[in-house]
Amino acid sequence: MKRLHVDFAPRSVWRVIARIGRMSWAFGGIGFLLCLGAAIAAFHLSKQRDTEEAELQRLQTELAKRTAPRPAPKRMVIPDAQAAAVNSAIAQLNLPWRDVFDAVESATPASIALLALEPDAKKHLVRGLAEAKSSDGMIAYIEQLKQQAFFGAVILTRHEINEQDPNQPIRFQFEAQWTEAAQ
């Protein structure tokens with residue numbers, strides 16, 4: 001015969017708990033442990049996400065600082081007089097002194113005493129002061145300077161006989177202009 005469950009006790013929570021079987025308790029416990037594990041994992045993931053968001057915010061701030069437009073440096077206004085002085089100094093520094101000296105030196109024979117050379121970078125000109133034993137030596141020297149490829153024009157500007165010297169050399173001045181192509 002079939003078993004009949006007759007229960008006349010009033011309904012209550014304790015009565016429902018008493019009627020739950022062992023299998024239900026086992027599945028309920030397993031479910032509770034799974035929920036607890038999921039909650040712990042969610043807590044750790046939330047903490048990790050907060051840490052990564054803070055790092056991302058720090059990196060974005062640093063990137064913004066690096067890529068921020070920097071103010072343009074103030075433009076210096078140079079007075080015309082100062083600019084002209086600087087350009088003049090640069091022209092003097094850019095003087096092809098070695099080429100000038102080599103051209104003069106290669107044209108100067110032993111009979112000519114070269115006393116001074118004064119370059120003028122603006123005019124591409126070098127002024128020289130020299131002494132020769134004779135007027136023929138002076139003219140030959142000027143002609144040799146004219147033969148130099150570096151110089152475009154050579155002019156004898158002044159000459160005089162030094163009567164105070166017993167040898168009476170001829171002291172003369174010349175101007176030699178070099179060409180732009182020679183630089």
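With which residue does Arg158 form a salt bridge? The partner is Glu160, and the closest N and O atoms are 3.1 Å apart. A salt bridge here is a side-chain nitrogen of Lys or Arg within 4 Å of a carboxyl oxygen of Asp or Glu. Arg158 counts as partly exposed because its relative accessibility is 45%. Glu160 is also partly exposed, with a relative accessible area of 37%. Buried means under 20% relative accessible area, exposed means over 50%, and partly exposed lies in between (1.4 Å probe, protein chains only).

The model is predicted: local features need pLDDT of at least 70, side-chain atom pairs count only at pLDDT 80 or more, and totals for chains, interfaces and linings use all residues. Residues are numbered from 1 along each chain as its sequence is written, and side-chain values use heavy atoms, with hydrogens and water left out.

Side chains of opposite charge can pair when their charged atoms come close. By the rule above, the count comes to 9 salt bridges. One of them joins Glu62 to Arg66, with the closest N and O atoms 3.0 Å apart. Both residues lie in helix H2 (residues 22-67), 4 residues apart, about one turn of the helix. Helices (H or I, at least four residues) and strands (E, at least two) are DSSP runs, numbered from the N terminus. Glu62 is partly exposed at 30% relative accessibility, whereas Arg66 is exposed at 60%.

Another salt bridge links Glu143 and Lys146, whose closest N and O atoms are 3.8 Å apart. These two residues lie in helix H5 (residues 135-147), 3 residues apart, about one turn of the helix. Glu143 counts as partly exposed at 38% relative accessibility. Lys146 counts as partly exposed at 41%.

The strands form an open sheet. It has 4 strands in the order S1-S2-S4-S3, with antiparallel pairing. Two strands pair if DSSP finds at least two bridges between them. The edge strands are S1 and S3 (151-161), and each pairs on one side only. Neighbouring strands are turned by 20 degrees against each other on average, direction ignored. S1 and S2 (residues 125-132) pair in the antiparallel sense over 8 bridges. Ile112 stands opposite Ala132 in S2.

Helix H4 (residues 97-107) packs on this sheet and touches S1, S2, S3 and S4 (170-178). The direction of H4 makes about 155 degrees with that of S1. H5 lies across S1, S2, S3 and S4, and runs at about 10 degrees to S4. Axes are lines fitted to C-alpha atoms, for helices over the stretch in contact, and angles run from 0 to 180 degrees between N-to-C directions.

Asp120 belongs to S1 (residues 112-120). Asp120 counts as buried because its relative accessibility is 15%. Leaving aside residues up to four places away in sequence, Asp120 touches Leu125, Arg127 and Trp178. Contact means heavy atoms within 4.5 Å.

A nonpolar surface patch of about 670 Å² is made by Val13, Trp14, Val16, Ile17, Ile20 and Trp25. Patches are made of residues with over 30% relative accessible area and no salt bridge; like charges are joined within 9 Å, and nonpolar side chains (Val, Leu, Ile, Met, Phe, Trp, Tyr) within 5 Å. Accessible areas come from the Shrake-Rupley method with a 1.4 Å probe; for residues, only the protein chains shown count as cover. Helix H1 (residues 13-19) gives the largest share of the patch, 4 residues. Ile17 is found in H1 and is partly exposed at 33% relative accessibility.
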